[in-house]
Amino acid sequence: MESMYEKLMELPLFQGVSRDKLSELIEKTPFHFVKYTAGEQIVETNEECTHIRFILTGDVRIDLSSANRRVTVSETLVGPNVIGPDYLFGRNTFYPFNATAITDCGVLQIVKSDFINILMSDKVFMFNMLNVLSRNSQKGTFGIMALSSGSIEERLAFIITSLTQRGSKDIKLTYKQKDLCCILGVQRASLVSALERLRKEDIIEYTLSEISVNSREDLLKILHSDEN
């Protein structure tokens with residue numbers, strides 16, 4: 001039980017909450033603890049987000065693909081973390097990605113209606129959730145500037161960071177080169193030159209069909225973001 005409390009208090013949406021408040025919450029709210037084995041699917045693309053899902057232990061792989069599957073962004077979320085909190089509210093409440101356990105995982109699921117009651121029960125919970133949602137929405141400000149007038153590095157940084165979560169690791173962008181050039185609005189030679197500059201700064205590694213991110217934080221710095 002002690003370990004569970006510690007894990008919960010590390011989650012971004014429970015940070016700053018007192019131990020007594022958390023104990024009271026666990027007693028009053030249906031917390032569903034689910035075990036997933038390595039290779040088991042947790043979320044399927046286009047599945048409706050009816051629960052908020054917290055990774056307490058283990059690693060989860062997120063795979064987000066374009067409709068034609070010619071461009072894919074993947075990342076690993078390590079517990080404690082949260083899976084796609086942006087999709088619990090709003091007009092579109094369907095996950096755009098697959099989430100798969102890559103190790104044995106422990107996941108806490110809370111039904112949306114119960115989670116709303118949690119948010120309304122204490123200002124700390126509400127502020128934490130608002131901060132998460134605001135941080136994610138503010139990425140668009142930097143992205144619009146990068147896509148309209150920024151360098152290729154800025155455009156690429158925006159695409160990767162906007163499609164991945166804070167604290168994720170092993171981020172990869174797989175693509176057909178002509179598709180990525182089309183998305184960025186550049187010629188192949190310009191794309192390769194930009195990738196080579198990022199590689200020399202040890203921010204990425206790349207091949208003709210895949211970019212591996214060494215540092216998401218350094219990509220955010222390119223956008224002058226305060227997320228990290």
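Student: How many aromatic pairs are there?
Tutor: The count comes to seven aromatic pairs, where rings of Phe, Tyr and Trp (its six-membered ring) pair if their centres lie within 6.5 Å. This is a predicted model, in which local features need pLDDT of at least 70 and side-chain atom pairs count only at pLDDT 80 or more, while totals for chains, interfaces and linings use all residues. Residues are numbered from 1 along each chain as its sequence is written, and side-chain values use heavy atoms, leaving out hydrogens and water.

Student: What is the geometry of Tyr87 and Phe97?
Tutor: Their ring centres are 6.0 Å apart and their planes stand at 75 degrees, so the pair is edge-to-face (planes over 60 degrees apart; under 30 is stacked and the rest tilted). Both Tyr87 and Phe97 lie in the loop between strand S6 (81–83) and strand S7 (98–101), so the pair ties together parts ten residues apart in sequence.

Student: Is Phe97 buried or exposed?
Tutor: Phe97 is buried, with a relative accessible area of 6%, whereas Tyr87 is partly exposed at 24%. Buried means under 20% relative accessible area, exposed over 50%, and partly exposed in between (1.4 Å probe, protein chains only).

Student: Which residues form an aromatic cluster?
Tutor: Phe14, Phe54, Phe115 and Phe125 form one.

Student: Turning to helices, at what angle do H5 and H6 cross?
Tutor: The axes of H5 (residues 152–162) and H6 (residues 177–184) cross at roughly 100 degrees and come within 10 Å. That makes H5 roughly perpendicular to H6 (65 to 115 degrees).

Student: Which residues meet there?
Tutor: Ile152, Arg155, Leu156 and Ile159 in H5 meet Leu180, Ile183 and Leu184 in H6, with contact meaning heavy atoms within 4.5 Å.

Technical notes: Axes are lines fitted to C-alpha atoms, for helices over the stretch in contact, and angles run from 0 to 180 degrees between N-to-C directions. Helices (H or I, at least four residues) and strands (E, at least two) are DSSP runs, numbered from the N terminus. Angles under 35 degrees count as roughly parallel, over 145 as roughly antiparallel, 65 to 115 as roughly perpendicular and the rest as oblique.
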